[in-house]
Amino acid sequence: MKGMTIIVKNVTALLSGLIFLYGCYIVLHGHLTPGGGFAGGIIIAGSFILLVIANGIQYFRLNKEKEESSLFEGAGIFCFLLLATGGLFLAVPVFFKNLLPGGTPGELLSAGIIPVYNIFIGIEVAAALLSIFLAFVIFKTED
Amino acid sequence: MITYLLCFILFLVGLYGVLTRKNLIKIIIGLSVMEYSLYLFLALIGYIDGGAAPIIDPSKPAGLVVDPLPQAFVLTAIVIGLATTALLLAIAIRLYKKYNTFDIDKINTLKG
Amino acid sequence: METTLIVILILMIAGALHALHARDLLSAIVSYAVVGYSLVVGFLVLKAPDLAIVQIVVETIALIIMVSVLIISTREDLAKRDTIIIKGQSYINVRNLAYIFFAVVAGFFLVYFFNMVSSGLEPLGVHETRMATEYIKNGVEGTGSVNLVTGVLLDYRGFDTLGEATILFTAVMGILAILRLKTHKI
């Protein structure tokens, strides 16, 4: 997977940051507008997937050399999985009590702990989908 | 009532695909079609005529909104559906690398 | 309203049927995408913008993963086996006729049971919110979330979301375990 032409690479480099910001917006405004952690997390994963498709798997330096390839692959996927487990453990604590003060409904800083839940669910979903995609791509480049 | 019936027919189309196709990719497509018909059925159940989307403006009195409970269920089910579809595709590609075919009959007979 | 839904559902059924019968697996996947994107329009018509925004991105990512699987493997469907060729002459496989007969009988029974079950369903557009009445009435004050779906998902029914996150994590672990194994060479 060598990547595409220079035009595609440059346009992707311009666009993916905007897509990432849009995903963050969807996650943060999950309690006000349609969206939330699930949709925003998938959009964030989509921005990284766009980068991998346009630039090739070397963009994440996952198989730079034969010796280091497994180390980098392992480290990259381990980081994503660590974030995923962190999101899993931090996102939904045991008793779901709304700890933080509520604020007035309709503002950005309101709804107590729901935005925090949304952020961690977004991280978990993004990490999960990105590791699924990277597993398929690395499997393809291996043989 | 005809929308419910069409939803059920869509489910049957997916079931037909799962039962009759020999290709692993088409079996996965049939399973996904069954999932989609289920999502649409749950969303149809929660719909109320004249209701607004379940986002309430706090400054105004609450009007008629559609049922938010089936939507919350379907929201989690969609993401799980993507993950299980990817899991099935991983199994399919692993079988393809081993047997060099997607035919489930050949995979069944070529043991070892 | 209902006419729009009927048109969308017929489009979905046509897309699913073509996806199951296409000779090329790439066109099968494109027809499968027709089903998913029609579902997005259906969700929008049913006043569910949360579901629509999730479904449209999920469908795109699923399409990317499926095409990446096809790039690794093959695009061609299996050879058709409706006919048996004996000494240059082709005969219709008798078993296929039996299968069609059983399918018709089973479909008849399923539609019959659907008819029995659906007598308890409310018609489209009439729905009595039993549990959700409380959520709609006190949801904004109780959770502070203006979006009721997020309020139900993360506050009233947080355990469902915890289970969903667990299933997602387990599925990812399964995919990594399947794809990262070193195969023995046959």
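The legends below describe close-up views of a predicted model. Residues are numbered from 1 along each chain as its sequence is written, while chains are lettered from A and ligands numbered from 1 in the order in which they are written. Because the model is predicted, local features need pLDDT of at least 70 and side-chain atom pairs count only at pLDDT 80 or more, whereas totals for chains, interfaces and linings use all residues; side-chain values use heavy atoms, with hydrogens and water left out.

**View 1**
The mean pLDDT, the predictor's confidence in each residue from 0 to 100, is 72 for chain A, with 58% of its residues at 70 or more. Confidence in chain A is highest in helix H1 (residues 6-28), at a mean of 89, and lowest in helix H3 (residues 66-91), at 54. Over residues 63-70 of chain A the pLDDT is below 50, and beyond near neighbours in sequence this stretch has 5 contacts in the model, a contact being heavy atoms within 4.5 Å. Where pLDDT is low, the predicted coordinates should not be read in detail. Of the 143 residues of chain A, 46% count as buried, that is, under 20% relative accessible area, with exposed meaning over 50% and partly exposed in between (1.4 Å probe, protein chains only).

**View 2. Chain C as a whole.**
Chain C has 7 helices and 2 strands, and from the N terminus these elements run α-α-α-β-β-α-α-α-α. Among its 186 residues, 44% count as buried, and its accessible surface comes to about 10000 Å², of which carbon and sulfur atoms hold 69%; such areas come from the Shrake-Rupley method with a 1.4 Å probe, and for residues only the protein chains shown count as cover. The average pLDDT of chain C is 81, and 89% of the residues score at least 70. Within chain C, helix H2 has the highest confidence, at a mean of 90, while strand S1 (residues 83-86) has the lowest, at 59.

**View 3. Helix H2 of chain B against helix H2 of chain C.**
Two packed helices are described by the angle between their axes and the distance between the axes. Here helix H2 (residues 24-45) of chain B packs on helix H2 (residues 25-45) of chain C at an angle of about 5 degrees, with the axes 11 Å apart; the axes are lines fitted to C-alpha atoms, for helices over the stretch in contact, and angles run from 0 to 180 degrees between N-to-C directions. The angle makes H2(B) roughly parallel to H2(C), a term for angles under 35 degrees. On the side of H2(B) the contact includes B:Ile25, B:Tyr36 and B:Leu40, and on that of H2(C) it includes C:Leu25, C:Gly36 and C:Phe43. By class, this contact of H2(B) with H2(C) has 13 nonpolar, 2 polar and 1 charged residues, where Ala, Val, Leu, Ile, Met, Phe, Trp, Tyr, Cys and Pro count as nonpolar, Asp, Glu, Lys and Arg as charged, and the others, Gly among them, as polar.

**View 4. Helix H3 of chain B against helix H3 of chain C.**
Helix H3 (residues 68-99) of chain B and helix H3 (residues 49-72) of chain C pack at an angle of about 0 degrees, and their axes are 10 Å apart, which makes H3(B) roughly parallel to H3(C). Among the residues that meet are B:Leu75, B:Ile78 and B:Leu82 from H3(B), and C:Val54, C:Val58 and C:Ile61 from H3(C). The contact of H3(B) with H3(C) divides into 17 nonpolar, 3 polar and 2 charged residues.

**View 5. Two loop residues with positive phi.**
B:Asn100, in the loop between H3 and helix H4 (104-109) of chain B, has a positive phi of about 65 degrees although it is not a glycine, and it counts as exposed at 58% relative accessibility. C:Lys47 lies in the loop between H2 and H3 of chain C; its phi is near 60 degrees, a positive value in a residue other than glycine, and C:Lys47 is partly exposed, with a relative accessible area of 31%.

How values were computed:
Helix = DSSP H or I, 4+ residues; strand = E, 2+ residues; numbered from the N terminus. Parallel < 35°, antiparallel > 145°, perpendicular 65-115°, else oblique.
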